[in-house]
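Please read the following note with the structure open beside it. The points are numbered so that each may be checked in turn.

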Amino acid sequence: MKVSNIAAPLAVAVMLAGCSSKGELDATGGVSAVRSACPVVGVPAETGDITLFDPVTSRDASALDVTALMTNVRSTCNDSGEQIATTVTFDVRARRVRADAARDVVLPYFITVVRGGSAVVAKRIGRVTVHFDAGETRAEAKGAATSYVARAAATLPADVREQLTRRRKAGDTDAAVDPLTQPAVRQAVLRASFEALVGFQLTSDQLQYNVTR
């Protein structure tokens, strides 16, 4: 799944809390990173905007009705309990063609939890209402959604943690070997890696329009 607006890649975030801080030089001269139990937050490609037509079956420029963009996507994570809760907030900026009477436009959006980069394990649908005042062509609204991930599922097994965090000295047989090149280690890291993704809930026609325009 192609995703935009997400944080560091998997290889950067493989070490555990309790080691040095993210980006900190350790005593051996290496650089350590912190792996957070909180999911990475992002917007899947082609789902960050939506276009409405009137009539809905037309794709002519003259039928353009409303366009909206999801922006300022932010998140807060509470990982203090057995369920890791991530609340994602965002702004919706919309524009309509006809600026006549006041109008409310309801736009559906989703939040989904993805495990290991491809497996969707949960999804919820929400709706945000954009209100246009009479005579106005632009409007904004705010949306929010929360995802939950079990701490146990986002925690690496002890043997994998040991392989990732064990200090290696020059001359050791595995000193120059990246633990993530080992299939078992990489798969364990993937299984414990989650993303919380938000975007507009598009119809197949709307998604096709975003892809091909």
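Over which residues does pLDDT stay under 50?

1. Confidence. This is a predicted model, in which local features need pLDDT of at least 70, side-chain atom pairs count only at pLDDT 80 or more, and totals for chains, interfaces and linings use all residues. Residues are numbered from 1 along each chain as its sequence is written, and side-chain values use heavy atoms, with hydrogens and water left out. The pLDDT is the predictor's confidence in each residue, from 0 to 100. It stays under 50 over residues 4-32. For that stretch the model has 55 contacts beyond four places in sequence, a contact being heavy atoms within 4.5 Å. The protein chain has an average pLDDT of 81, and 71% of the residues score at least 70.

2. The sheet. Strands are DSSP runs (E, at least two residues), numbered from the N terminus; two of them pair if DSSP finds at least two bridges between them. An open sheet is formed by four strands in the order S3-S4-S5-S8, with antiparallel pairing. Its edge strands, S3 (49-53) and S8 (138-150), each pair on one side only. Neighbouring strands are turned by 25 degrees against each other on average, direction ignored; the axes are lines fitted to C-alpha atoms, and angles run from 0 to 180 degrees between N-to-C directions.

3. Strands S5 and S8. Strand S5 (residues 83-96) pairs with S8 in the antiparallel sense over 13 bridges. Thr86 has Ser147 of S8 as its bridge partner, and Thr87 has Thr146. The covered face of S8 includes Ala139 and Ser147, whereas among the residues of its uncovered face are Thr146 and Tyr148.

4. Leu64. This residue is found in strand S4 (residues 64-78). Leu64 counts as partly exposed because its relative accessibility is 28%; buried means under 20% relative accessible area, exposed over 50%, and partly exposed in between (1.4 Å probe, protein chains only). Leaving aside neighbours within four places in sequence, Leu64 is in contact with Thr51, Leu52, Phe53 and Val97. From C-alpha to C-alpha, Leu64 and Arg98 are 9.6 Å apart in space, and they are 34 residues apart in sequence.

5. The disulfide. A search of the whole structure finds one disulfide, that is, a pair of cysteine sulfur atoms within 2.5 Å. Cys38 and Cys77 form it, with their sulfur atoms 2.0 Å apart. The torsion about the S-S bond is about -90 degrees, so the disulfide is left-handed. Cys38 lies in the loop between strand S1 (3-4) and strand S2 (40-44) and Cys77 in strand S4, so the pair ties together parts that are 39 residues apart in sequence. Cys77 is partly exposed, at a relative accessible area of 32%.
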